[in-house]
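Please keep the sequence and the structure in view while reading.

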Amino acid sequence: MTSHAPGAVLLDIDGTLVDSNFLHVHAWARAFADVGRPADAWRVHRCIGMGSDLLVAEILGDEDAETLGDDVRERHSAYYAELAPLLRPFDGARDLVRAIADRGAAAVLATSAAPDELEKLRATLDLDDVVAGITSDQDVDEAKPEPDLVQAALDAAGVPAERAVMVGDSVWDVQAAARAGVACVGLLSGGTSRAELRSAGAVEVYDDVADLLAHLDESPLTTTWTTD
């Protein structure tokens, strides 16, 4: 029998632990409308989870993203800040993170949120005393689906890729994890379908964090705290 040190669970925040994806959609839609480029909400939603530069380019095209991108991003940030009082953790979010820590694995909040957004998310979750690390956009050069964020979370936990599992709600989470060599569990709470998450490479898919918590000890996350 080979013994391993405990591993880590890398947890996305937006759409995974906190019900924020559709607040982002609303803020982005208002921002695009402000610059004279209204975008259908469903198209914006399809991009939630990727980096903001990529999102803007996907909606506007590369040329317009070059000229309008900064304005759109600033407007999104302002509108999102107005919506911050509506942020709430999903049912079971805090209990899941505490259960992971209680089992001996490091729980790392893996997000590329900007500092002002991250501050609001941390206040919403109130888990700073439990988590082993928190990433932000200052820790990455390239946002999801590039693997920088996942690698930063691995570095924060101090574990190799094979001793970690990612939990996320978007295909961008799954793709970023795969590029870093980390298995990813998908959740439906961000609005992406089970089939899409599976197709992207998710090893298992649950409805939300409460569903994952209910099946925690039979989930892929057990590999991060078992030692055989």
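Which side chain is joined to that of R122 by a polar contact of 2.8 Å? The partner of R122 is D128. A polar contact is a pair of N or O atoms within 3.5 Å; within protein, one must be able to donate a hydrogen and the other to accept it, and residues adjacent in sequence count only if both atoms are side-chain atoms.

## Basis of the report

The model is predicted: local features need pLDDT of at least 70, side-chain atom pairs count only at pLDDT 80 or more, and totals for chains, interfaces and linings use all residues. Residues are numbered from 1 along each chain as its sequence is written, and side-chain values use heavy atoms, with hydrogens and water left out.

## The central sheet

Helices (H or I, at least four residues) and strands (E, at least two) are DSSP runs, numbered from the N terminus. Six strands form an open sheet in the order β3-β2-β1-β4-β5-β6, with parallel pairing. Two strands pair if DSSP finds at least two bridges between them. At the edges are β3 and β6 (204-206), each of which pairs on one side only. Strands of a sheet pair through backbone hydrogen bonds, either parallel or antiparallel.

Strand β1 (residues 8-11) pairs with β2 in the parallel sense over 4 bridges, and 4 bridges also join β1 to β4, again in parallel. V9 stands opposite A107 in β2 and opposite V165 in β4. From β1, A8 and L10 point one way, while V9 and L11 point the other way; all are buried. Buried means under 20% relative accessible area, exposed over 50%, and partly exposed in between (1.4 Å probe, protein chains only).

In helix α6 (residues 115-125), the buried residues are E117, L118, L121, T124 and L125. Seen down the axis of α6, these residues fall within an arc of 120°, so they line one face of the helix. The arc is that of the directions from the helix axis to the C-beta atoms. The exposed residues E119 and A123 are carried on the face of α6 turned away from its buried side. The buried residues of α6 pack against α1, α4 (62-83), α5 (93-102), β2 (106-109) and β3 (133-134). Contact means heavy atoms within 4.5 Å.

R122 is found in α6 and counts as partly exposed because its relative accessibility is 34%. Not counting residues up to four places away in sequence, R122 touches L127, D128 and I134. R122 and I13 are 109 residues apart in sequence and 9.3 Å apart in space, C-alpha to C-alpha.

## Helix α8

The buried residues of helix α8 (residues 171-179) are V171, W172, D173, V174, A176 and A177. Among the elements that cover them are α2 (41-47), α7 (148-157) and β4 (164-168). After α8 comes G181, whose phi is positive, near 80°.

## Aromatic rings

A search of the whole structure finds 1 aromatic pair. The rings of W28 and F32 have their centres 5.9 Å apart and their planes at 25°, so the pair is stacked. Rings of Phe, Tyr and Trp (its six-membered ring) pair if their centres lie within 6.5 Å; planes under 30 degrees apart count as stacked, over 60 as edge-to-face and the rest as tilted. W28 and F32 both lie in helix α1 (residues 21-34), 4 residues apart, about one turn of the helix. Both W28 and F32 are buried.
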